[in-house]
Amino acid sequence: MGQAAKPQRVTMTPAARRVLEAASRLFYEHGIHAVGVELIATEAGVTKKTLYDRFGSKEQIVVEYLADRDARWRAHLAEHLDRHTDPAERCLATFDASRTWMRQNGAKGCSMINAHAEISDPAHPAYAVIKEQKAWMLALFTGLAREIAPRGAASLGRTLMLLHEGALVSHGLGVFPDPLKAAREQARSLLASHAAM
């Protein structure tokens, strides 16, 4: 199957916003496949007809859920990054941003990782949103790494990404306390070793 093109987005009316808020809460808490459009419509206080008029399909609601969550994450992350000018501190700020985000929005871990566990078909319109978000994170880490270790930026960026994403998965699983703090400490050591080269 081919890769899905970048999905179209929906213009948010007040009713569409209510649907998206209800769907976002339900998808994150219960999973995408476990939540049907009838439950979303009921929680949003709209008819199924209104839901379909605004979104066209459940798949489009999933696209909007993930794209909206990604936009909010990027804004949250930007606030943390903007507090620092030093590249190593900006790398570590990414872990700090994830810690505060998870405390506020993510008891069940990363919504993109969770969604990918349910949506593995590249033809699904939400697949492109998931993949692009993770590619953006890799590009962010690689760009920050380039300022620290220009010749090893690709490798350092991937390692930072692995630490970050592994911590997000560990957070969602609840295997041990505060995995993002542990990953931050590993990243700090890694960055210090590269700075010393």
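**A note on the pocket and the cavity**

1. Helix H4 (58-81) and helix H7 (127-148) each bring at least two residues to the lining of the largest pocket. Helices here are DSSP runs of H or I with at least four residues, numbered from the N terminus. The model is predicted, so to speak to its limits: local features need pLDDT of at least 70, side-chain atom pairs count only at pLDDT 80 or more, and totals for chains, interfaces and linings use all residues. Residues are numbered from 1 along each chain as its sequence is written, and side-chain values use heavy atoms, without hydrogens and water.

2. H4 gives the most to this pocket's lining, with four residues. The largest pocket holds about 200 Å³ of space, and of its 10 lining residues the closest to the centre are Lys-6, Arg-9, Ala-67, Val-129 and Glu-132. A pocket is an open set of points on a 1 Å grid over the protein atoms alone, with protein on both sides within 12 Å along at least five of seven lines; lining residues have an atom within 4 Å of a point. Volume is the space filled by probe spheres set on the points, which are joined across faces, edges and corners.

3. The pocket lining has six nonpolar, four charged and no polar residues. Asp, Glu, Lys and Arg count as charged, Ala, Val, Leu, Ile, Met, Phe, Trp, Tyr, Cys and Pro as nonpolar, and the others, Gly among them, as polar.

4. There is one cavity of 30 Å³ or more, where a 1.4 Å probe fits but cannot get out. The largest cavity holds about 160 Å³, and among its 15 lining residues Trp-73, Trp-101, Cys-110, Gln-133 and Leu-168 lie nearest the centre.
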